[in-house]
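Visitor: I would like to learn how to read features off a model. Could you take me through one, step by step?

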Amino acid sequence: MFVGHYSVSLVAKAYAKDAPLGLLFLAVQLLDILFFPFAIVGIEQLKIVPHFTQSTHFELPFMPYTHSLVAALSWAAVSYVAAALWFKRRVTKPHWVATAVAIAVFSHWALDLIVHTPDLPILGDSSTKLGLGLWRSAIATAALELFLTLVGLFLYLRSTRANSPMGKWAMPCFVGLLLIIGVVNIFGPPLGNSVTSLAAVALGSYFGFAAVAVWLERYRIPTRSHGVHTGKGA
Ligand SMILES: [Zn+2]
């Protein structure tokens, strides 16, 4: 799963309006943002295996610190604390924003669970590894990513309004572009033929997409009076 993760950013933004969209874009990919550098230096492992599944060209034999269930929950907890401290005096509901960030971080693992072949350990490098293997079907993977992303876009658009002509079209176009990139990623050739080149493409995408989200967010304003509720009392 690549582009589909951003559906959670868009949904989280719809419910936690004070959470910066760029931050939510980074949060949903945090586990991978940590994984790729770890894989480069050998703390975790990614092996390039062309056509390992219909949708991927790599195997993930060892990733206890970023993609075990307990690690994912731990990174979500750390993110919650960091966000709660950062937003303490910056927004009216810092804990609601922190909750959105933590859910975004953990959602990466939950969505990975659907698509990965059994390579997600529970704790450390446990022998029990989880993964429902949707990646084995490129069509099913693309359909899921498309569905999730469109739901996210719909909820985001419903909870915000454009403050300029740019605001009307920019985000749907950007998400459309993300979907095209997602489909190319699923059906296309390997993005890199070494761990370093794959990591460079992935990390460049994660930070690049987050930067675009920061830029485009200013063209839409949250609708506070109606639409999706603001999370009062949560
Ligand atoms: Zn991942």
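Guide: Start with D125, which is partly exposed at a relative accessible area of 38%. Here, buried means under 20% relative accessible area, exposed means over 50%, and partly exposed lies in between (1.4 Å probe, protein chains only). Before going on, note that this is a predicted model: local features need pLDDT of at least 70, side-chain atom pairs count only at pLDDT 80 or more, and totals for chains, interfaces and linings use all residues. Residues are numbered from 1 along each chain as its sequence is written, and side-chain values use heavy atoms, with hydrogens and water left out.

Visitor: Which side chain meets that of D125 in a salt bridge?

Guide: First the general idea: side chains of opposite charge can pair when their charged atoms come close. The rule asks for a side-chain nitrogen of Lys or Arg within 4 Å of a carboxyl oxygen of Asp or Glu. For D125 the partner is K129, at 2.9 Å from N to O. K129 is partly exposed, with a relative accessible area of 25%.

Visitor: How many salt bridges does the rule give?

Guide: The count comes to two. Besides D125 with K129, there is E217 with K13, at 2.5 Å from N to O. E217 sits in helix α8 (residues 195-217) and K13 in helix α1 (residues 5-15), so this pair ties together parts that are 204 residues apart in sequence.

Visitor: Are E217 and K13 buried or exposed?

Guide: E217 is buried at 17% relative accessibility. K13 is buried too, at 6%.

Visitor: Now helices. What span should α5 have?

Guide: Helices are DSSP runs of H or I with at least four residues, strands are runs of E with at least two, and both are numbered from the N terminus. The expected span is 1.5 Å times one less than the number of residues. Helix α5 (residues 94-115) has 22 residues, so it should span 32 Å; its end C-alpha atoms are 32 Å apart, which agrees.

Visitor: Where does α5 bend?

Guide: At F106, by about 30°. The bend at a residue is the angle between axes fitted to the seven residues ending there and the seven starting there.

Visitor: Which residues of α6 are buried?

Guide: Recall the geometry: an α-helix has 3.6 residues a turn, so residues three or four places apart point the same way. In α6 the buried residues include A138, T141, A142, E145, L148, T149, G152 and Y156. Helix α6 (residues 138-158) has 21 residues and reaches 30 Å from its first C-alpha to its last, close to the 30 Å expected.

Visitor: Where does H57 lie, and what does its side chain reach?

Guide: H57 is in the loop between β1 (45-48) and β2 (58-62). H57 is buried, at 8% relative accessible area. A polar contact is a pair of N or O atoms within 3.5 Å; within protein, one must be able to donate a hydrogen and the other to accept it, and residues adjacent in sequence count only if both atoms are side-chain atoms. The side chain of H57 reaches the backbone nitrogen of H51 at 2.9 Å. A polar atom of that H57 side chain also lies 3.4 Å from the backbone oxygen of G188.

Visitor: What phi does H51 have?

Guide: Most residues other than glycine have a negative phi. H51 has a positive phi of about 60°, although it is not a glycine. H51 is in the loop between β1 and β2 and is exposed, at 63%.

Visitor: Last one. Which residues form the nonpolar patch on the surface?

Guide: Patches are made of residues with over 30% relative accessible area and no salt bridge; like charges are joined within 9 Å, and nonpolar side chains (Val, Leu, Ile, Met, Phe, Trp, Tyr) within 5 Å. Here I40, V41, I43 and Y65 form one, with about 380 Å² of accessible area together. Areas come from the Shrake-Rupley method with a 1.4 Å probe, and for residues only the protein chains shown count as cover. I40 is in helix α3 (residues 30-41) and is partly exposed, at 43%.
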